[in-house]
Amino acid sequence: MQYDPFSLVMIAWLIKTTIQFSTPLVLTALGGMYSEKSGIVNIGLEGMMLIGAFSAVAATYFTNNPWMGILVSVIAGGALAAVHAIITVKLKGDHIVSGTGVILFATGFTTLMLEVIWGQRGVSEQVTPIPQLVIPGLSEIPFIGDIFDSLSPIVYMMFFAVIISWVVMYKTPFGLRIRAAGEDPSTLDAAGVNVETVRIIGVILSGCLAGLGGAYLSIGYGSRFGKLMTSGRGFIALAALIFGGWSPIGSFLAGTFFGFLEALDSFIQLTIPALAPYNNFIQMTPYILVVIALAGIGRSRPPKAVGVPYEKEKRA
Amino acid sequence: MNQEPITIDEQSNESSRFNQVFDKLQSREFRSTIFHTTISILMALVVAAIIMVATGYDPLSAYSALGLGALLNFDQVLWKATPLLLAGLSVALAFKCGLFNIGAEGQLYMGSIAATAVGYMFALPLGIHIIACLAIGVLAGFLYGLLPGILRAYRGAHEVVTTMMLSYAAVKFTQWLVSEGPMHNPGDSRSVSPFILETAEIGKIFGSPFLSWAFVIAFLCVPLVAFFINKTVMGYEMRAVGLNEEAARTAGIDAKKNMALALGLSGALSGLAGTVEIQSYYHRFYDGWSAGLGFDGITVAVLGRNSPWGVLGGALFFGGLKAGGSFMQTNANVPSEMVQVIQGLVVLFVAAPKLVDWLSKHGIGFASWIKNNPKSGIPSLFSFGYGILCAFLGIVAVGPAVETSFMLLLLGLLVSMGSIAIIVFNLIRDQRSSQITMLISICWFLIAIAGFTMQFVSIGTTSLILGSIGIIIAIWIIKTRPEVIQGQEGIE
């Protein structure tokens, strides 16, 4: 069946799908921001998302309460991030190597547990997803109603998280400390703030948000966990973070744009099947754009001390 | 007249080279590397064993099946190690120049797709066809590595991000080529290319269905890369750039050119890894065939500490894990995904060399402290042992109730985490160890109450006993505490 690509219904559908697809990307990119702004490279976002997606389904399966699933996914993402934090901050290990380990562990662990709990490879059993938030009266309005008719509450959490992150990052002492830890840790240290603690909190926050992003994939948008279900979204989120210039609003815009590309992919399949064979090129766009953005005028500038372990100066 | 001194010179050179290798093997650095790596692997295996026990598998039979599987199917080990070795060398070579080639996967895909194209599109004579495929695969990988290399060197785009992103782009691009694009096998519902011609296939050796000449090619790359890094001018320059870019530039080395070329060569090795896999085993390009080989290359390089011979060791180790993994699945009923868990844990532990140092330092300190202050040391030792016991039992004890009670599982996890804190606090001789021990025993009592109310008598009794032991130890520590302070003052 073919739909008219320019009908109001389809455009509303495209906007709605964009919001849905960009939610996990924006949440995870925001998470990555806390970590990278504080000076810790976090390529393990993919693994943290995966463990969040898995634990959300597992917790929902055992408790029959999807809200418990969300809570556990945030905790699980944070716990995995804590491992990354201990290795990179306390033990001064290499950030990329540790991130790789996190991804490998999460991939293996979730696939293993999939088989342990449900005894099957590939996908888990269906669980109750988070109930969609229906705002009464809104669905009556023709165009806007189609968009906001029934969205997962996590979508609204995402919007909320963007605003909160902006306020925290630029209007609170804590945000200033996070940014200082990434730009100039020795000054922060001289001001009497423990750089290591700030960085550890930053990394753990990143895991919590990535876990929530993963939970959206498994129990917000869908209702089950599939093997490797994040399929590179953690890296797209990382790309959104970089493309957005390491800022909350930028991450949000870039994440929404990448979500739009993903939605466009489905949109084209529904409306212009003749173009469908070239969908792979749409899927490639986020990756290529980031490379261009980094190689271009050098506008994307990472925090200065990112990736550099902070060694406190010893007293003489 | 002239010839004699030269021969003598060569002999002495020869013996000194032998001595160099010997000295290197004996050196402190080498030993500590081996020590760190071994401890890291052991710790990874222990943590994996805990996960196995918690999920209801038997780690002993799993490990014996794993080891046996690797030994019995040694040809499979070498077969699995082949691409790992090349991908590992690729990552290690870039790292020598201070660059992290995290997107080896993409170069591997580009290399293998190019080789596949040459493999089935052109009819060439036997020997030439193989070499043509290899060459084009290496070239494609080289170019796909050179691109981020140039961007890094001349535009300052960080290679970790660009190689990673280009890697995903390559996966999508090759997927298009073999699904909708020109390389799709006509009439096939899957996303595959046609089979390569027989003239392009790399032959098997020793009558094994898996092991082929590809391993020999990969193995020969080890001394080649070692020679390149250690003995050639360009290798020297790359190492210099890797150690200190500014200093190298001051010394007149063209750092930018070396960086770009290092990533290019790294890409060439990755391309070769993909090419030999296609030519020797798959014989056609499947969409997503590599399943993370590029990532495995990082783990191999990390384990091998980026030295070519170390990478060989790392590749054999992970090759053994992979080959043993399927044997473990059939003979010990442990899913082969366990191997990936072990792999991730090994990388995490290797990433933190200071953990081993920290453990050995505090371990020795703890032991000597107990020896000097037996009165307060022994309760602490008991508490330490209790911590280890509870870290294990926390998850294991609540195992039977996993299906019914989620809170019980969470409590068990909490106990396990807290017990790690007991271990750490005891090791650093922190006074708070008694409080944590107390907290954990309270958690045990909570589990006991929950267990009895939910009719899990075994869980209830076990936790009751463990809780009581914890309380006794905690009180014992508190009672002996004043003497601890006195004892410490006495030492100082």
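**Before you start**

Residues are numbered from 1 along each chain as its sequence is written, while chains are lettered from A and ligands numbered from 1 in the order in which they are written. Since the model is predicted, local features need pLDDT of at least 70 and side-chain atom pairs count only at pLDDT 80 or more, but totals for chains, interfaces and linings use all residues.

**Stop 1: colour by confidence**

The model scores ipTM 0.85 and pTM 0.84. Chain B averages 80, and 90% of the residues score at least 70.

Next, select residues 1-11 of chain B: their pLDDT is below 50, and beyond near neighbours in sequence they have 0 contacts in the model. A contact means that the C-beta atoms of two residues, placed from the backbone, lie within 7 Å. At the other end, residues 486-492 of chain B also have pLDDT under 50, with 2 contacts beyond four places in sequence. Where pLDDT is low, the predicted coordinates should not be read in detail.

**Stop 2**

Show chain B as a cartoon and you will find 19 helices and 0 strands. Its C-alpha trace spans about 85 × 70 × 45 Å along its principal axes. Of its 492 residues, 52% count as buried. Buried means that 20 or more other C-beta atoms lie within 10 Å of a residue's own; with 12 or fewer the residue is exposed, and in between it is partly exposed, the C-beta atoms being placed from the backbone. Among contacts in chain B with a separation of 6 or more, 75% join residues 24 or more positions apart.

**Stop 2**

Domain 1 of chain B puts 8 residues into the contact, and domain 2 of chain B puts in 6 residues. On the domain 1 side, helix α2 (residues 28-54) of chain B gives the most, with 6 residues. That side divides into 5 nonpolar, 3 polar and no charged residues. Here Ala, Val, Leu, Ile, Met, Phe, Trp, Tyr, Cys and Pro count as nonpolar, Asp, Glu, Lys and Arg as charged, and the others, Gly among them, as polar.

**Stop 4**

Select α6 (residues 126-155) of chain B. This helix has 30 residues and reaches 43 Å from its first C-alpha to its last, close to the 44 Å expected, where the expected span is 1.5 Å times one less than the number of residues. Just after α6(B), B:Gly156 takes a positive phi of about 70°.

Now move to α12 (293-303) of chain B. How many of its residues are buried? The count is 11 of 11, including B:Phe295, B:Asp296 and B:Thr299. B:Arg305 follows α12(B) and has a positive phi near 50°.

**Stop 5**

Most residues other than glycine have a negative phi, and most peptide bonds are trans. Select B:His283, whose phi is positive, near 65°. B:His283 lies in the loop between α11 (255-282) and α12 of chain B, and it counts as buried because it has 20 C-beta neighbours inside 10 Å. In chain A, pick A:Trp246, which has a positive phi of about 60° and sits in the loop between α10 and α11 (248-271). A:Trp246 is buried because 22 other C-beta atoms lie within 10 Å.

**Stop 3: where the chains meet**

Finally, show both chains. Their contact takes 39 residues from chain A and 40 residues from chain B. On the chain A side, α4(A) gives the most, with 14 residues. This side of chain A divides into 24 nonpolar, 12 polar and 3 charged residues.

Definitions and conventions:
Helices (H or I, at least four residues) and strands (E, at least two) are DSSP runs, numbered from the N terminus. pLDDT is the predictor's confidence in each residue, from 0 to 100.
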